[in-house]
Amino acid sequence: MMESGAPVCHTCGEHVGLNANGEAFVACHECNFPICKTCFEYELKEGRKACLRCGNPYDENLLDDIEKASGDRSTMAAQLNKSEDVGIHARHISSVSTLDSEMTEDNGNPIWKNRVESWKEKKSKKKKTSTKVEREAQVPPEQQMEDKPAANASQPLSTIIPIPKNRLAPYRTVIVMRLVILGLFFHYRVTNPVDSAFGLWLTSVICEIWFAFSWVLDQFPKWYPINRETYIDRLSARYEREGEPSELAAVDFFVSTVDPLKEPPLITANTVLSILALDYPVDKVSCYVSDDGAAMLSFESLVETADFARKWVPFCKKYSIEPRAPEFYFSLKIDYLKDKVQPSFVKERRAMKRDYEEFKIRINALVAKAQKTPEEGWTMQDGTPWPGNNTRDHPGMIQVFLGYSGARDIEGNELPRLVYVSREKRPGYQHHKKAGAENALVRVSAVLTNAPFILNLDCDHYVNNSKAVREAMCFLMDPQVGRDVCYVQFPQRFDGIDRSDRYANRNIVFFDVNMKGLDGIQGPVYVGTGCVFNRQALYGYGPPTMPSLPKSSSSSCSCCGCCSCCCPGKKAPKDPSELYRDAKREELDAAIFNLREIENYDDYERSMLISQMSFEKTFGLSSVFIESTLMENGGVAESANPSTLIKEAIHVISIGYEEKTEWGKEIGWIYGSVTEDILTGFKMHCRGWRSIYCMPLRPAFKGSAPINLSDRLHQVLRWALGSVEIFLSRHCPLWYGFGGGRLKWLQRLAYINTIVYPFTSLPLIAYCSLPAICLLTGKFIIPTLSNLASVLFLGLFLSIIVTAVLELRWSGVSIEDLWRNEQFWVIGGVSAHLFAVFQGFLKMLAGIDTNFTVTAKAADDADFGELYIVKWTTLLIPPTTLLIVNLVGVVAGFSDALNKGYEAWGPLFGKVFFAFWVILHLYPFLKGLMGRQNRTPTIVVLWSVLLASVFSLVWVRINPFVNTVGSTTVAQNCISIDC
């Protein structure tokens, strides 16, 4: 091995080597950026002749020497044996031991890069040599000399814009001051109990301590907020040179749908059309639509969508239409002639609008036809029965509509590929809902197109910004940024929400405050849609730039000083599950290494080689799919037979494919929770990846949100239930992922907050009941305030207000959005979150599973018609009860104060203020409960009044928090009574 003091290449992790003078090789003499000769040559072949770090051009003498040396090597290479071929990473089968594989894995370099580089290098050499010869033959020598990379080709594709110090410094100062004031406040509360109402006092203190803990979990991950800016023009200059094929990376789009009656096909069609019309090379875009309900309605709607796309896509690209979802484009109430200069636009727009209205009629006819299922089941146009008539027992189905099938648009141009996928389902098998459907799409897309990046969207989230993918590529394709990025997350934006956003559907505080804070740590959490993934991160690999980890084995002494003799510090032993996973990874590592010469085998030998290794234990029994996982830059394997690809794609979505593999455990979307998004992103961050938050000026994607109160609460219930499931699983952030030390502490705090917030419902519902109890009993949770206590309370309230104001200042969020978020935090906390906690524990203790409810997508043309509809659900009972109890308490408090006189008004003020705090937070719920015509379901009123009355009567009878009067006092009082 080389000495540990030698510089290490920033690109591949190998030592940079020596130059002709015996000194360390230096490519850039301006910044001494460490890069080895092989990687340097690779950069030159790619046309990048400027330093990756500083952007200065390399020395011309060095370039000439390298070109001469590479020419000599290419001449000698023909005489060398293939076993002596050395790729970017000089590793040989005979010289690699188990120790080497362990060290390489822990260095963070992904297995697929370190162990099959020779195989990839051979293919790249062949392609680039032939391409270079062809180009030189076509381009005159004079033009070759003038063809130099653009000046901005070496510039970064994105930059971080920090929050100004004059905004961030006061914000952090107030947070620290608030923390100190909280400590003094709790010292006062604990040392000054209320003896006359000890139970009420103790309950309030416990609740307040939990609220403070929740605030810490929510606040400190926002310590390093940042903004980012992208440069799409530089991306085009680097990867889209005039007269050459586009070098932008391919992207596979995933659109998932389940029930076309709850998720209208017209909405899904608009999402698909907006993807097909992207401002991106058509040969780089493939759209996969997952129909997990195997509905013939979804299939026929996609047939109509593919036909309409032949007209819509060229129209959008010709006139640069935004947005490129026709339903939302034609409904825009703006001047559509602005910036349009072509006279034919008006005529073609009218014709296109007429075509779209006819398309809508055809889709609506299909929906009307699907309302009643025939007794014999659905039949296709050729008379054969629809394979998905039994949605729980049907084979896998794949249909390619556009792209390589030969279909082109009306102008004769190629269209992106569109693929319909419905995975196989059989009784008795666990299908894992959306996560299982997404994993099926990962495998199908790897077999058919294998793009290096994946963008997943819900069926109701259309592309609002046609350059959204380019925005993401500014991070993922930037060699300085994208190497350790697992995904780029876009914020969720919504259409069709009422102006006041009564139920905080926009979730502005989370997307514009919390996510910006996480972007400054290790990256935003994955929120389930509008996310561009690095495919290799989904395969369970680690990032290439991850630093080495210390080994616990005493036998692993090496130059890096990882053994116990070199580092005498005591190491924590790994638990058995960690050791088992490490052994599995080492086994996979060895298997991949042996595939470095896979191109030397024919199809049969390759299949035999793969079947003998542990690859199938991880990825399943598909040699085509396994070979696709080795391709860092994507693309279909050359050994694949196009005629058998569809058959292989059907195989990878078969019902038993995932059995005894790592799908859903270590690779793909992770199973175990209905909120698979949080769990999947968490696993990636634990491996050392980072994510990036991209907020373009024009929102990248827009979707629909349930503005109806009941639907909104059910949506929040599903999210909270998923968090409880993660809390009760082995992936809980409280204890998972500590071994590697790759998850930053503030990032861990954020993930802990995402899984413990439903439990805040228990202290919250108790705290919201306290005002009514105090008003009904005449007691209070706080003793008579002294001057010091008054200062503490005033300081606490001021710190809360100032923190919110300063947060609004640096984030740009409005005070109305902050107040709506605060209100719905209380509404959801005392209803959906409470039910989620109980359902989660029932599922764990009693095995009672809760059905996944698909959120209905709005398709009504009436403006905000859904807002005023009240649907019966048990989630409405707890907040309604709290409202009635607090209103009754306010009336009782004022009545009692009127009877007792002037002295009672002072103590009443604090109690009434407390009660109004609860009522104001529940006011949007009250408006939603009344509906447009001030109507409320009778069952809700009856249950709420019944519970409030019972609670009040029992309270008056038991009176548990008031000191009982001694028996002696009672006897003395009875003496004076004349019976």
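Helices here are DSSP runs of H or I with at least four residues, strands are runs of E with at least two, and both are numbered from the N terminus. This is a predicted model, in which local features need pLDDT of at least 70 and side-chain atom pairs count only at pLDDT 80 or more, while totals for chains, interfaces and linings use all residues. Residues are numbered from 1 along each chain as its sequence is written, and side-chain values use heavy atoms, with hydrogens and water left out.

Is Cys686 buried or exposed? Its relative accessibility is 11%, so Cys686 counts as buried; the cut-offs are under 20% relative accessible area for buried, over 50% for exposed, and partly exposed in between, with a 1.4 Å probe and protein chains only. Not counting residues up to four places away in sequence, Cys686 touches Tyr736, Gly737, Arg742 and Leu743, where contact means heavy atoms within 4.5 Å. Between Cys686 and Arg748 there are 62 residues in sequence and 9.2 Å in space, C-alpha to C-alpha.

Another cysteine, Cys459, is buried as well, because its relative accessibility is 1%. The structure holds zero disulfides, a disulfide being a pair of cysteine sulfur atoms within 2.5 Å.

Let me stay with helix H23, which spans residues 676–686 and also contains Lys683. Lys683 counts as buried because its relative accessibility is 2%. What does the side chain of Lys683 join in a polar contact? The partner is the side chain of Tyr736, at 2.7 Å. A polar contact is a pair of N or O atoms within 3.5 Å; within protein, one must be able to donate a hydrogen and the other to accept it, and residues adjacent in sequence count only if both atoms are side-chain atoms. Leaving aside neighbours within four places in sequence, the contacts of Lys683 are Lys665, Glu666, Ile670, Arg730, His731 and Tyr736.

I turn now to the sheets. An open sheet of eight strands runs in the order E5-E6-E4-E3-E7-E11-E9-E12, with mixed pairing; two strands pair if DSSP finds at least two bridges between them. At its edges are strand E5 (397–400) and strand E12 (690–693), each pairing on one side only. From one strand to the next, the twist averages 20°.

Within this sheet, strand E7 (residues 453–458) and strand E11 (residues 531–534) run antiparallel and are joined by four bridges. Ile454 stands opposite Phe533 in E11. Strand E9 (residues 485–489) is joined to E12 by four bridges too, but here the strands run parallel. The bridge partner of Tyr487 in E12 is Ser691.

In a regular strand the side chains alternate between the two faces of the sheet. For E12, both faces are covered: Arg690 and Ile692 on one side, and Ser691 and Tyr693 on the other, are all buried.

Helix H14 (residues 433–448) lies across strand E3 (251–257), strand E4 (285–291), E5, strand E6 (417–422) and E7, and runs at about 145° to E3. That angle is taken between N-to-C directions, on a scale from 0 to 180 degrees, with axes fitted to C-alpha atoms and, for helices, over the stretch in contact.

There is also an open sheet of three strands, in the order E8-E13-E10, again with mixed pairing. Strand E8 (462–463) and strand E10 (493–495) each have a single partner strand, so one side of each is left without a neighbour in the sheet. Three bridges pair E10 with strand E13 (residues 701–704) in the parallel sense, and Arg493 has Lys702 in E13 as its bridge partner.

Helix H24 (residues 709–727) has 19 residues and reaches 27 Å from first to last C-alpha, close to the 27 Å expected at 1.5 Å a residue; the expected span is 1.5 Å times one less than the number of residues. Of the 19 residues of H24, 15 are buried. In helix H29 (residues 832–845), the buried residues include Ala832, Leu834 and Val837. The buried residues of H29 pack against H24, helix H26 (761–777) and helix H28 (815–829).

Finally, the whole chain. It holds 34 helices and 13 strands, and buried residues make up 51% of its 979 residues. Of the contacts between residues at least 6 apart in sequence, 79% join residues at least 24 apart.
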